[in-house]
Amino acid sequence: MTIAISLDRIVDCVLAHSALDGLRNERPALLCRENSPALKRIALDSLAQIVAGLGINIKKTDIDLADPAKDDIVSFETDARQSDGRITLLRANIEANVVCAILEQTCEGNSHAQQWWHSLREMSAQTLPPPIKRAI
C-alpha cells in the first residue's frame with residue numbers, strides 16, 4: 001500500500017489553525033503563506049520521524065528526496081497486511097500529527113498552546129494500531 005502525504009495540505013491546515021488562533025486572541029495570524037517553505041521543511045522532518053518509527057515494514061519512500069521549495073507530495077510504501085483495518089486512517093492521522101507537531105514547535109514560548117497541540121497530537125494517535133501509536 002502506497003500512502004501519499006500532501007505537504008501543501010499540511011501547510012494549509014497549519015495556516016488555517018494559525019488564522020483561527022489569531023481571531024480568537026484578537027491578534028494577527030502568526031504564520032502566512034510566505035512561511036510555506038519553512039513549514040514544509042518542518043513537516044518533512046516530523047514526517048520522516050513518524051515514518052521511521054511506525055513499527056511497520058516501509059518498503060520505499062521519497063521523503064528524504066523531497067525539496068520543500070518545490071515538492072508537494074511525498075510517499076511511502078508499506079505492507080498493509082502488517083496492520084489491521086485502521087490502516088485506512090493512517091494517512092489522515094499522520095497528516096494531523098504533522099500539523100500538530102508544526103504548531104507545537106511554532107508555539108515555543110507559549111507553554112499552554114504548546115501543551116494543547118501536544119495533547120491533540122497524542123489524541124489523534126489513539127485510533128492508530130499499537131506499533132504506530134508508539135512512533136507518534
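The chain holds five helices and three strands, and, since what we have here is a predicted model, everything I say about these elements refers to that prediction. Read from the N terminus, the order of the elements is β-α-α-β-β-α-α-α.

On the chain as a whole, 40% of its 136 residues count as buried.

Let me turn to one helix pair, namely helix 2, which covers residues 36-52, and helix 3, which covers residues 90-106. Their axes come within 9 Å and cross at roughly 125 degrees, and because this angle falls between the perpendicular range, which ends at 115, and the antiparallel one, which starts over 145, helix 2 is oblique to helix 3. The crossing of the two is right-handed. On the side of helix 2 the contact is made by Leu-39, Ile-42, Ala-43, Ser-46, Leu-47 and Ile-50, while helix 3 contributes Ile-94, Asn-97, Val-98, Ala-101, Ile-102 and Gln-105. Sorted by class, this contact has nine nonpolar and three polar residues, and no charged ones.

Finally, the cysteines. How many disulfides does the count come to? The count is zero, and for Cys-100, which is in no disulfide, the nearest cysteine sulfur is that of Cys-13, 9.7 Å away, whereas a disulfide would need the pair within 2.5 Å. As for accessibility, Cys-100 counts as buried because its relative accessibility is 8%, under the 20% limit, and Cys-32, with a relative accessible area of 34%, is partly exposed.

Note on methods
Residues numbered from 1 in each chain as written. Predicted model: local features only at pLDDT ≥ 70, side-chain atom pairs only at ≥ 80, totals over all residues. Heavy atoms only, no water. Buried < 20%, exposed > 50% of the residue type's maximum accessible area, 1.4 Å probe, protein only. Axes fitted to C-alpha atoms, helices over the stretch in contact; angles between N-to-C directions. Helix = DSSP H or I, 4+ residues; strand = E, 2+ residues; numbered from the N terminus. Parallel < 35°, antiparallel > 145°, perpendicular 65-115°, else oblique. Left-handed = near helix turned anticlockwise from the far one by under 90°. Contact = heavy atoms within 4.5 Å. Nonpolar A, V, L, I, M, F, W, Y, C, P; charged D, E, K, R; others polar.
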